[in-house]
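Student: Could you walk me through this one? I am new to it and would like to start with the rings.

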Amino acid sequence: LLSKQAFSLRDEGMEYGVFEYSLPMRVHLVHPSIGSVQGGTMVEVHGSGYAAGQTACLFGMSGAGAVRAEVASSSLLSCMAPAAAEGDVAVEVTANGGVDVTQDGRVFRYVADGVTERVEPSFGPEAGGTVVTVVGHGFVSSRHVVCRVGSSGMVQGTWRTSSMVTCVMPAHRPGNTTLEMHNTPSDRDKRAGVKYLYRLMLDSS
């Protein structure tokens with residue numbers, strides 16, 4: 001992979017094939033660097049030498065981890081992490097089906113999701129603002145932990161220990177909802193969660 005140049009092989013007027021040189025690609029940074037074992041995390045890959053066409057990302061060096069890349073510029077592309085076992089893999093890129101692959105070793109971490117057992121306190125005002133402690137196990141230390149409120153709402157969580165995360169509850173209409181902690185925002189396993197009650201705020205005037 002040297003420079004952007006194409007040439008064809010010809011013999012007595014017959015063209016046998018076209019070979020294209022490309023600029024060398026590099027991977028400098030992947031963001032986020034953590035995602036669910038279920039896959040589905042959209043990962044930005046920052047580097048150099050990217051060109052639209054056959055560019056793909058490799059999550060680990062097995063062919064099963066190759067996914068199509070969307071090239072935004074010569075220094076930025078994105079690709080969706082496939083499902084994989086828990087653990088660290090290197091994210092590399094290729095532009096020719098894996099014949100030439102970067103060897104930069106930027107790590108993406110696959111994590112299983114934690115299990116939510118209870119929330120303390122289990123109620124708060126409809127205006128939100130209550131700091132709750134989510135208790136369970138399997139919580140991964142990272143800045144990507146979130147609390148899912150109901151079926152779709154998410155708020156940033158703060159990791160405390162492998163069994164404790166805190167979240168600030170958002171505003172919500174009065175009534176029962178559910179709360180569940182996730183190690184990554186991309187986790188798509190929407191379990192039942194634990195109950196949380198938003199209480200109606202009465203006007204004291």
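Tutor: F108 counts as buried because its relative accessibility is 0%, where buried means under 20% relative accessible area, exposed over 50% and partly exposed in between, with a 1.4 Å probe and protein chains only. This is a predicted model, in which local features need pLDDT of at least 70, side-chain atom pairs count only at pLDDT 80 or more, and totals for chains, interfaces and linings use all residues. Residues are numbered from 1 along each chain as its sequence is written, and side-chain values use heavy atoms, with hydrogens and water left out.

Student: How many aromatic pairs are there?

Tutor: The structure holds three; rings of Phe, Tyr and Trp (its six-membered ring) pair if their centres lie within 6.5 Å, and planes under 30 degrees apart count as stacked, over 60 as edge-to-face and the rest as tilted. One of them joins F59 and F108, edge-to-face, at 5.6 Å centre to centre with 85° between the planes.

Student: And why is the pair of F108 and Y110 edge-to-face?

Tutor: Their planes stand at 80°, with the ring centres 5.1 Å apart, so that pair is edge-to-face. F59, F108 and Y110 form one aromatic cluster, and Y110 is buried, with a relative accessible area of 1%.

Student: Changing topic, is A127 buried or partly exposed?

Tutor: A127 is partly exposed, because its relative accessible area is 49%.

Student: What does A127 touch?

Tutor: Not counting residues up to four places away in sequence, A127 touches A171 and M201, contact meaning heavy atoms within 4.5 Å. The C-alpha atoms of A127 and A171 are separated by 4.5 Å, although these residues are 44 residues apart along the chain.
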